[in-house]
Amino acid sequence: MRAAVLHEIGQEKLEVLDDVEAVGFGPGRVRVRVRAAGLCHSDLSAMNGVLPQPAPFVPGHEGAGEILEVGEGVRHLKPGDRVVICWLPACGACPACGRGQSELCLAGFMNAGTPNFRRSGTDVFGFAGTGTFAEEVVVDAGCAVPIPEDVPFDIAALIGCGVTTGLGAALNTADVQAGSSVAVIGCGGVGVSAVQGARLKGAAEIVAVDPVASRRESALRFGATKAVSPEELADAKQQVTGGEGFDYVFEVVGRSATARTAYENTRRGGTLVVVGAGAMDDFLRLNMFELFFDEKRILPSMYGGGDVLRSYERTIALWRAGRVDLAGLITHRVPLAGINEALDQMRTGTALRTCVEI
């Protein structure tokens with residue numbers, strides 16, 4: 001079986017090998033033939049060590065495909081079913097799930113420490129317990145979520161992470177109010193999805209902020225009312241809000257410097273939504289006076305901040321109704337053999353989302 005493998009943390013290129021085996025099949029598990037995978041910035045963050053991940057590993061956590069085999073006890077799936085891969089399944093039994101915060105369930109994270117693959121007798125892990133840059137993957141049955149027949153695999157793959165994260169940040173976490181002003185810092189696939197979410201909620205002004213001109217142009221097509229470079233944000237704040245600051249600012253980069261910029265551009269009493277996944281040793285500094293005096297809400301948004309399964313269903317309904325554009329997010333396509341080209345597209349900001357066709 002072919003899979004793209006990172007041998008050591010810090011390497012910039014993946015090696016596409018044809019002697020990798022998907023392992024772990026058994027009761028409660030399913031084998032999935034991956035048909036499409038999306039490349040998310042979190043994959044790069046795992047490769048360079050920003051996000052913790054044992055190596056060697058197969059990156060990829062956005063994916064969709066069809067069930068090849070189901071293990072004992074799996075009742076809701078059968079061979080041939082079309083599924084989207086969910087890297088953070090809810091167990092339904094832990095305190096977080098009991099409180100209705102299934103996005104905080106830790107069951108999925110436990111999968112990350114169990115090898116999904118093997119090569120030449122050596123264990124190979126799957127990123128976030130999945131590893132979708134492979135022809136097949138074995139996952140817990142809860143990680144394989146059935147999708148309707150009319151949802152193409154490439155669209156379904158995006159719903160598996162980036163779109164759910166960005167839309168959910170606006171719809172669930174922030175609950176953007178109609179007529180409000182919004183700024184989105186970082187306009188890749190997740191940021192543009194947050195732009196679409198803010199538009200759906202009726203935001204009057206949506207300012208997209210990104211250093212890459214092509215991404216700024218894309219953000220305008222997806223609903224931003226203004227798109228600026230980081231150096232132009234101060235002027236946009238003055239023009240749009242009279243210098244007061246935005247009602248909502250979404251940080252979709254995952255760095256303390258941009259989070260600090262987001263905080264400073266949020267109005268007093270406004271909301272900063274932290275969407276980007278950052279490093280454990282990157283600290284955001286706030287003084288106690290400003291934290292008290294400005295009364296700004298700081299809301300982290302994990303995987304869209306809501307029930308993942310309901311979020312998937314909502315996204316599909318919005319896509320069918322033409323209320324969100326998912327196909328337009330896919331700006332590039334490569335075969336699995338071209339995965340390193342896709343990585344370069346992500347690093348340079350050339351692509352919003354690259355679809356890896358497997």
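1. A surface patch here is made of residues with over 30% relative accessible area and no salt bridge, where like charges are joined within 9 Å and nonpolar side chains (Val, Leu, Ile, Met, Phe, Trp, Tyr) within 5 Å; a salt bridge is a side-chain nitrogen of Lys or Arg within 4 Å of a carboxyl oxygen of Asp or Glu, and accessible areas come from the Shrake-Rupley method with a 1.4 Å probe. In this sense L106, F109 and M110 make a nonpolar patch of about 330 Å².

2. The model is predicted, with local features needing pLDDT of at least 70 and side-chain atom pairs pLDDT 80 or more, while totals for chains, interfaces and linings use all residues. Residues are numbered from 1 along each chain as its sequence is written, and side-chain values use heavy atoms, leaving out hydrogens and water.

3. F109 lies in helix α3 (residues 107-111), helices (H or I, at least four residues) and strands (E, at least two) being DSSP runs numbered from the N terminus. F109 counts as partly exposed because its relative accessibility is 39%, where buried means under 20%, exposed over 50%, and partly exposed in between.

4. In helix α7 (residues 213-221), the residues R215, R216, S218 and A219 are buried. They are on the same side of α7 because they cover an arc of only 160° around the axis, taken from the directions from the helix axis to the C-beta atoms. Their cover includes α6, β13, β14 and α12, through contacts of heavy atoms within 4.5 Å.

5. Strand β9 (residues 122-126) runs parallel to β5 (residues 57-58), joined by two bridges, and F57 has F125 as its bridge partner; strands pair if DSSP finds at least two bridges between them. Three bridges join β9 to the antiparallel β8.

Technical notes:
Buried means under 20% relative accessible area, exposed over 50%, partly exposed in between (1.4 Å probe, protein chains only).
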